[in-house]
2 protein chains.
Amino acid sequence: MKFRCEKNVLQEGISIVQKAITGKSTLPVLQGIYIKTLGNEIILTGSDIDLSIETKLSAQVIEHGSLVVDSRLFGEIIKKLPNDTIEITTSENNSLEIICQRSVFNLNHMSADDFPNLPQINENMIFSVSQKILKNMIKSTIFAIAQDETRPILTGILFEIKEKKLNLVALDGYRLALKNENVDNDNNLNAVIPGKTLSEVAKILVEEDETVNITFTPNHILFSLGKTKIISRLLEGEFIKYNSIIPEEYKLKITAKRTSLLECIERASLVAKEGNTNLIKFEIEEDNLVITSNSQLGKVREELNIILQGQPLQIAFNSKYLIDVLKIMEEDEIVMQLTSSVSPCIVKNKDNDNCTYLILPVRLLGN
Amino acid sequence: MKFRCEKNVLQEGISIVQKAITGKSTLPVLQGIYIKTLGNEIILTGSDIDLSIETKLSAQVIEHGSLVVDSRLFGEIIKKLPNDTIEITTSENNSLEIICQRSVFNLNHMSADDFPNLPQINENMIFSVSQKILKNMIKSTIFAIAQDETRPILTGILFEIKEKKLNLVALDGYRLALKNENVDNDNNLNAVIPGKTLSEVAKILVEEDETVNITFTPNHILFSLGKTKIISRLLEGEFIKYNSIIPEEYKLKITAKRTSLLECIERASLVAKEGNTNLIKFEIEEDNLVITSNSQLGKVREELNIILQGQPLQIAFNSKYLIDVLKIMEEDEIVMQLTSSVSPCIVKNKDNDNCTYLILPVRLLGN
């Protein structure tokens, strides 16, 4: 194998495929990047079996071939080389030579035969969405996935296409995040994608209108972004019927400035960290919200102007769940829909109905 | 005690004195900030006994008093409050009230009586230096202090005033860093200041021409920077006679571009990390420096144009020591002065004779 390629092009490709390389695998070949020439391009692939990422780069291919090279070392070397053309050549004894200006590296490489084959996916059932929108949808829901593996399906995000809407849903037993966008697609389908995959996908997606094409198979999802393909296995099992969890009715509604409410809750939670309870209390009064918290560290009282429709209520929350939601929302004003001090609270934008957050209150003694 | 003070002023003061609060003390009062009113100012103090920092802030003092409040919690609260006037009042039962707009915090505070007294230092033996210069001198030497406590004196930096020069010296048995500046002072003195102190001092010093006044006592050093005073104990014992270590003569001299040499060494060290030896070899030839390294990861060969005065030489180094030095130096061109493959190597600026770095080579089998 022999090819020449620009340093910055190669470095960018490496940084993309490295997102699939966890370094946790005991299989040495999975700590490597698979490099293969194809026509006037080279293909780089990184994989941890569950998640695989491949990307194509322009190169001047002189002799075709393939190999696997240690991801960390290869990445560090390419990063430190001057911004110029790099020549990469294999020689005998599994040796790889990297030449750039007056730098010459000789590394051992692994055999391409040991690298796992990627699942073959026919890109026939495609639906498209702008990268910027998908990136935002992932960010708006991923914080609510379950962190423990007690119910593995909850460590993923539900991708659901229904009635020309794409819904992303995450929930962990204490809260739920639902984000939706209109899509021009008549299919009805759903699949649960591991949170880890989507967290890496979100890093690769750009904040631009370029589209990402998505293909589902029974066991995998493929994201195609121009020269880069991301393939992840799906989580097995049925996702929770989230629609039945979200209450359709409510008894009172608060409208509040999002950042003001966030700041009050963040301050109130400073004394609530003791013992990790994060417990804060809301006293919802007419036109006024009083947030209090206390612990052995001290106590705090915050007041905020709101608009209340309905009767006053007292309710308590884990502040972390509210902070997560208010930080990720984008509109200036939000609404909270409540029924009682033990019923779920719904948080939405005041105007744009493209997200629904559900948070369970903390039941206090005496409620 | 009762005072009003602007949030940003108080926040800046807290962040300064927190640099002395390590949080490692088992004495709860040393995890606190001592606050005392004085005229129309408040004084904040943080201390871990070895190092104490106090700073004065303008405030509207309504009732004089003093107290100690938990540094982390108090700092977080002030940081999260709105950018407005903050009112702080003590009430009965060691309670402290913090009010800003519609936020009210009540915290417990500790008694000011338990806070250790700072050493009394008469600011009579003053010498002054620009903050920018001192900050730079500390940064230029501190990396060479000993990391282990086998010889405690080497965990500090020697401050030496001699013949109208201020010399800062650090050494750890493998390398030495000496930085000097002309000062207008006829004293001759020396003291060894703990590295930890100087690392915090460097963070507080600004990149400006404002001066810092320095006072020595037999056991302490005082840095006065306008409203802020930093007091540190000195390390006990005699520093190593560094002048006798630095060779005055050499047999060959290399002149090289600093950043090019640094980049070559950084690349060469990528394969040298195996087993943490960081071993790189220099083959110094006429007008050419070849740097090589190898390990079970692979091998590398780098070439660089240099100017050599003297005979060719082969010598080996721990790349980390060279990288530390070349990163901190500022001139475009540096010189290396060498005598043999087992003699110390001196690195200096080509032009400005304000620093001297000594690095011991690694002795190779057969040398």
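**A pair of strands in chain B**

Tutor: This is a predicted model. In it, Ile254(B) stands opposite Met336(B) in S24(B).

Student: Which strand is joined to S24(B), and by how many bridges?

Tutor: Strand S18 (residues 252–257) of chain B is joined to strand S24 (residues 333–338) of chain B by six bridges, and the two run antiparallel.

Student: What else does S18(B) pair with?

Tutor: S18(B) is also joined to strand S22 (residues 307–309) of chain B, by three bridges and again in the antiparallel sense. Within that pairing, Thr255(B) has Ile307(B) in S22(B) as its bridge partner.

Student: Let us step back. How many helices and strands are there in chain A?

Tutor: Chain A has six helices and 26 strands. The C-alpha trace of chain A spans about 80 × 50 × 35 Å along its principal axes.

Student: And how much of chain A is buried?

Tutor: Of the 367 residues in chain A, 40% are buried. As for contacts in chain A with a separation of 6 or more, 68% are between residues 24 or more positions apart.

Student: What domains is chain A divided into?

Tutor: The division gives domain 1 (2–114), domain 2 (126–244) and domain 3 (252–359).

Student: How far apart are domain 1 and domain 2 of chain A?

Tutor: Their C-alpha centres lie 30 Å apart. Where they touch, ten residues of domain 1 of chain A are in contact with 13 residues of domain 2 of chain A.

Student: Which element gives the most to the domain 1 side of that contact?

Tutor: That is strand S4 (residues 51–58) of chain A, which gives six residues to the side of domain 1 that touches domain 2. By class, the residues of this side are four nonpolar, two polar and four charged.

Student: How many residues does each chain bring to the contact?

Tutor: The contact takes 22 residues from chain A and 21 residues from chain B. On the chain A side, the elements giving two or more residues are helix H2 (71–80), strand S9 (103–108), helix H5 (258–268) and strand S21 (298–305). The side of chain A that touches chain B has nine nonpolar, four polar and nine charged residues.

Student: Why say that the copies meet through the same surface?

Tutor: Because 95% of the interface residues of chain A are also interface residues in chain B.

Student: Which strands pair across the two chains?

Tutor: S21(A) pairs with strand S9 (residues 103–108) of chain B in the antiparallel sense, over five bridges. One of the residues involved is Arg301(A), whose bridge partner in S9(B) is Val104(B).

Student: On to the helices. Which residues of H6(A) are buried?

Tutor: In helix H6 (residues 319–328) of chain A, the buried residues are Ser319(A), Tyr321(A), Leu322(A), Val325(A) and Leu326(A). Seen down the axis of H6(A), they fall within an arc of 160°, so they line one face of the helix.

Student: What do they pack against?

Tutor: The buried residues of H6(A) pack against H5 and several strands of chain A, among them strand S13 (175–182), strand S19 (279–285) and strand S26 (355–359).

Student: And H3(A), which residues are buried there?

Tutor: In helix H3 (residues 131–139) of chain A, the buried residues are Gln131(A), Leu134(A), Lys135(A), Asn136(A), Met137(A) and Ile138(A). What covers them includes strand S10 (126–130), S13 and helix H4 (195–204) of chain A.

Student: One last topic, the loops. Where does Asn93(A) lie?

Tutor: Asn93(A) lies in the loop between strand S7 (85–91) and strand S8 (95–100) of chain A. Its phi is near 60°, a positive value in a residue other than glycine.

Student: Is Asn93(A) buried or exposed?

Tutor: Asn93(A) counts as exposed, because it has 8 C-beta neighbours inside 10 Å, and the cut-off for exposed is 12 or fewer.

Student: What about Asn278(A), buried or exposed?

Tutor: Asn278(A) is buried, with 21 other C-beta atoms within 10 Å, where 20 or more are needed. Asn278(A) lies in the loop between H5 and S19 of chain A, and its phi is near 55°, a positive value in a residue other than glycine.

How values were computed: Residues are numbered from 1 along each chain as its sequence is written. Chains are lettered from A and ligands numbered from 1 in the order in which they are written. This is a predicted model: local features need pLDDT of at least 70, side-chain atom pairs count only at pLDDT 80 or more; totals for chains, interfaces and linings use all residues. Domain bounds come from an automatic or database domain assignment. Two residues are in contact if their C-beta atoms, placed from the backbone, lie within 7 Å. Helices (H or I, at least four residues) and strands (E, at least two) are DSSP runs, numbered from the N terminus. Ala, Val, Leu, Ile, Met, Phe, Trp, Tyr, Cys and Pro count as nonpolar, Asp, Glu, Lys and Arg as charged, and the others, Gly among them, as polar. Two strands pair if DSSP finds at least two bridges between them. The arc is that of the directions from the helix axis to the C-beta atoms.
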